[in-house]
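Biologist: I am new to this structure and would like a close look at a single part of it. Please set that part in the context of the whole chain.

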Amino acid sequence: MTGTDIDDAAMVDALLGQIADPIATFTADGDYDQNRVSQAVTNRDPDAAVIVPPRAGAVASASAETAPTQRDHRLRMIAERGRMAWQKASGYNLRAKIEATIGRYKRLIGDALRSRTNQTEATEVALAVAALNRMLALGRPNYVRIPK
């Protein structure tokens with residue numbers, strides 16, 4: 001959890017440090033299209049796929065022809081096949097489900113924490129998530145196949 005005065009991308013290295021397991025993919029929005037983010041992910045797990053859309057007007061790196069980065073590959077694919085094709089091929093569209101969940105949290109719980117310390121903020125978020133998950137479970141349909 002970060003305040004509004006902190007750039008989320010600046011916290012990537014610290015957040016990745018909290019994960020013990022190997023990272024297969026790092027998916028984020030275009031605000032994370034920064035060298036420091038890609039470098040933090042690569043330093044943490046060199047085989048991790050970084051799935052971040054390039055910002056508008058993004059240009060390839062100087063080494064794009066000889067030693068292309070993951071970002072250079074993204075830029076090339078978007079130029080050749082379009083952004084929507086890249087989103088589908090990369091699995092970036094899954095991010096939309098996550099964003100919808102965050103939006104639902106903010107709409108139902110609120111977009112600001114009321115607690116003042118890290119420990120109570122963590123408790124507040126845990127309680128809110130538990131309540132949200134319970135509400136979602138109550139509204140989720142239960143499908144049953146009816147034999148013919």
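Modeller: What follows looks at helix 3 and then at the chain around it. This is a predicted model, in which local features need pLDDT of at least 70, side-chain atom pairs count only at pLDDT 80 or more, and totals for chains, interfaces and linings use all residues. Residues are numbered from 1 along each chain as its sequence is written, and side-chain values use heavy atoms, with hydrogens and water left out.

Helix 3 covers residues 70–81, twelve in number, and spans 16 Å from its first C-alpha to its last, close to the expected 16 Å, where the expectation is 1.5 Å times one less than the number of residues. Helices here are DSSP runs of H or I with at least four residues, strands are runs of E with at least two, and both are numbered from the N terminus. Within helix 3, the buried residues are Arg 71, Asp 72, Arg 74, Leu 75, Met 77 and Ile 78, buried meaning under 20% relative accessible area with a 1.4 Å probe, protein chains only. These buried residues pack against strand 2 (49–51) and helix 4 (83–90), and just after helix 3 comes Gly 82, which takes a positive phi of about 100°.

As for the setting, the protein chain has six helices and two strands, arranged along the sequence as α-β-α-β-α-α-α-α. Of its 148 residues, 26% are buried, and its C-alpha atoms fill a box of roughly 60 × 55 × 30 Å along the principal axes.

Technical notes:
Buried < 20%, exposed > 50% of the residue type's maximum accessible area, 1.4 Å probe, protein only. Contact = heavy atoms within 4.5 Å.
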